[in-house]
Amino acid sequence: MSEPSGECGSGCGCKGGGDDKLFSRRNLIKGAGITLGAAAFAKALSPLAHWTREATSVDEFLQKHYRELTKVDLEVVFRRLEREAKQQYGADVTISDHRPQAGVKFGYALNLSICIGCRRCAEACHHENNHDRATSNSYIRVLEMTKGSMDMEKGNVHYDHPVPHPDKFYMPVQCQQCDNPPCVDVCPVEATWKEADGIVVVDYNWCIGCRYCEAACPYHARRFNWTKPVIPKEEINPKQSYLSNRIRPQGVMEKCTFCLHRTREGRMPACLEACPTGARVFGNLLDPDSEIRKVIENKRVFVLKEELGTKPSFFYFFDE
Amino acid sequence: MAGEARIGKIAFGGVIALIGVVFVGVLVWTWLARNDLKPGPKAEEPSTPAVIHPVTIRTPAGIPRVATGEVDSQGQPVTIACATCHDTRQPNYETRSGTTLKDFHQGLHFAHGNQSCLSCHNATDYDTLKQADGRPLEFSQTLMLCAQCHGPQFRDYQNGSHGGMQGHWDLTRGGRTRNTCTDCHDPHHPAYPEVMPVFPPKMVRGETITPHGENHP
C-alpha cells in the first residue's frame, strides 16, 4: 500500500497542494456550503425574533409565577394587564384577584333528565369568559348522546335540529375540576395547579403553551389559544379575574374555572344562570345543607370516566 | 507514626460524616421548601356575622284576563275578567278541551293528562284556583297546586335540584331568585317545548363530520 505522492491523502484523486490555491474548487464548494447553512439557520430562527419582538414586554418576560407574587407585585401586574387591554382592545376592564374562601370546596351537578341540549350554557360561557369570537370558543361542549350509551367519545357536538330529540339525551361536558388532575401532573412548568376550593387554574403568563395538559385531559376540557382572541370592544366582559376570565394571550392554555370570578364572590356560575331548564346544581361540597350535597346524597350520581381515577368534582344524574 | 495514622483516620471519618450531614440537610430543606402542593393564599375571612339573604320565588302574574280579540280606540287589545262570563254560566265539569267551546278559549292547546278544566279552575270563583280537596287557591300560589300531583318534582324543587335560579349559591353573601313552575311549564301543556339549539360550535381545522354524528368532540 504505497500512497501515490502528490495527492491530498484522502484518496479522492485530486492533485495535491490544494492549500496553495485559495480559489480551488474544493474551497469554493466549502464556502458556498457554509454560506447556505448560515442563511438557512438565520431563516429558521427569524420567526422567533419576530414573535419575541411582538408579544412580550420586558415586564411580562420578567414576571414571576402567580404564587410567588406579593400583593404589591400583583397590583402592578393587574394595572399593566389593564393597560394592555386598553391598548389592544380599547376596553376599560378591571382585573382583580379572587382567592378561595375557607371551608368551601365547589361541586357541580347536572341533571341529564332535564337538559334539552339547547347550548345556552355554552353561549353564556363564551360571553362571560371573553372567548375568541372568531372560533366561537367555549369551555362547554354539549354532546348529543344516543340513549343507552354513556360513552362520551361517541357523543356528537354538531347536531342541528330541534331539541330534545326523542331518541337522544344531551350531556354538557366542561372541566370536571378533578381532585387527581392529570393535566396538573403533566405540566412541565407548574403553570397549572389545584386551589384550596378545588378549582384547577392556569397562570396564563407562566404557561409555555406545550399543550401537554390538553393531551392529558380525558374530558377534552382544555383549550389552546391558537390566535390572539378577537373580541369587539363593546362585547368584552370588563369584570375580570387574573386566574379566570381576563383576555388570554396567544399561545397559552385556558380552561373552565367554574367562573371563579363569580363563584368566589358567592354568585352562581354563568352557565347555571343561563340554563333555561334548571338542569344545573352548584354549591359547596363541605356544607351539609347545600343543594349539591342533597343531590349527591339523594340522587344516583355518577362521574365521567370514573375508571381513570381522576376523582371529578362534577357529577351527573338522572331523575328516577 | 501510629498516632498520625489514627488522627488521619479520624479526620477522614469526620469529613465523610460532614458530607453526609450536608447531603441529608439539603434533601430535607428541598422537601420543606417545595411549593408544588401549596394551593396559594386563601381569602380573608369576613369579620361581620353572617346574615342569611332571602331566597325569592318568582310570583306568577296575578288573576288572569282573557283576550277578546278586539282592540280599543288606542289600539290596545281588550281583555276581560273571567267573572264577566263565568258568573252567569253553568259550569261544565266534563270540558277537557277548548275545541268543544263555543265562545272563548277555542284556540287553547291543552295536553295535561286527563285533567278537565275544573280540575284546577274553581267553578265557584274563577278568580282563584281549586285544590284537590276543593279549597280555593290564589293564582299567585300555583306552585302548591302543581305540587299536589307532582310530588317528586316538588321534592327536588325544595332540594334545589329542579328549576332554574339566579343569584348567589352562598346566601351569606347575597340573595337568590328562583323560577316558579309556570315560568318554564305552560299549565295547559306543561311538557317543555322543543327548541332550536343556539350557538353551534365551529369546525376545528381538520375535523370531519360523519352524516349521523358519532364524530370526535
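In which loop of chain A is the place of A:F258? A:F258 sits in the loop between strand 9 (253-254) and helix 7 (260-263) of chain A; helices (H or I, at least four residues) and strands (E, at least two) are DSSP runs, numbered from the N terminus. The legends below describe a predicted model, in which local features need pLDDT of at least 70, side-chain atom pairs count only at pLDDT 80 or more, and totals for chains, interfaces and linings use all residues. Residues are numbered from 1 along each chain as its sequence is written, while chains are lettered from A and ligands numbered from 1 in the order in which they are written.

**Figure 1. Overall form of chain A.** Chain A contains nine helices and twelve strands. Its radius of gyration is 28 Å, well over the 20 Å that the globule rule gives for 320 residues, so chain A is more spread out than a compact globule. The radius is taken over C-alpha atoms, and the rule is 2.2 Å times the number of residues to the power 0.38. Along the principal axes, the C-alpha atoms of chain A fill a box of roughly 100 × 50 × 35 Å. The domain assignment, which is of automatic or database origin, gives domain 1 (24-55) and domain 2 (106-317). The C-alpha centres of these two domains of chain A lie 46 Å apart. Of the 320 residues of chain A, 40% count as buried; a residue is buried if 20 or more other C-beta atoms, placed from the backbone, lie within 10 Å of its own, exposed if 12 or fewer, and partly exposed in between.

**Figure 2. The surroundings of A:F258 and A:Q177.** A:F258 has a positive phi of about 50 degrees although it is not a glycine. A:F258 counts as buried because it has 28 C-beta neighbours inside 10 Å. A:F258 is also one of the residues in contact with A:Q177, a contact being a pair whose C-beta atoms, placed from the backbone, lie within 7 Å. A:Q177 belongs to the loop between strand 4 (168-173) and helix 5 (182-186) of chain A, and is buried, with 27 other C-beta atoms within 10 Å. Between A:Q177 and A:E82, 95 residues apart along the chain, the C-alpha separation is 28 Å.

**Figure 3. Helix 4 of chain A and its packing.** Helix 4 (residues 120-128) of chain A is mostly covered, with seven of its nine residues buried. The buried residues are A:R120, A:C121, A:A122, A:A124, A:C125, A:H126 and A:E128. They pack against strand 3, strand 4 and helix 8 (270-274) of chain A. After helix 4 of chain A comes A:N130, whose phi is positive, near 55 degrees. The loop between strand 3 (141-146) and strand 4 of chain A holds A:P164. The peptide bond from A:V163 to A:P164 is cis, with omega near 0 degrees.

**Figure 4. The pairing of strand 10 in chain A.** Five of the five residues of strand 10 (residues 280-284) of chain A are buried, so this strand is largely enclosed by the rest of the structure. Strand 10 pairs with strand 2 (residues 106-111) of chain A in the antiparallel sense over five bridges; pairing requires that DSSP finds at least two bridges between two strands. Within this pair, A:Y108 has A:F282 as its bridge partner.

**Figure 5. An open sheet in chain B.** Three strands form an open sheet of chain B in the order 1-7-6, with mixed pairing. Strand 1 (55-57) and strand 6 of chain B stand at the edges, each with a single partner strand, so one side of each is left without a neighbour in the sheet. The twist averages 20 degrees from one strand to the next, with axes fitted to C-alpha atoms and angles running from 0 to 180 degrees between N-to-C directions. Strand 1 and strand 7 (residues 176-178) of chain B pair in the parallel sense over three bridges. B:V55 has B:R176 of strand 7 as its bridge partner.

**Figure 6. The contact between chains A and B.** The contact takes 51 residues from chain A and 40 residues from chain B. On the side of chain B that touches chain A, strand 6 (residues 165-167) of chain B gives the most, with three residues.

Key:
Contact = placed C-beta atoms within 7 Å. Lists of a residue's contacts leave out its neighbours within four places in sequence.
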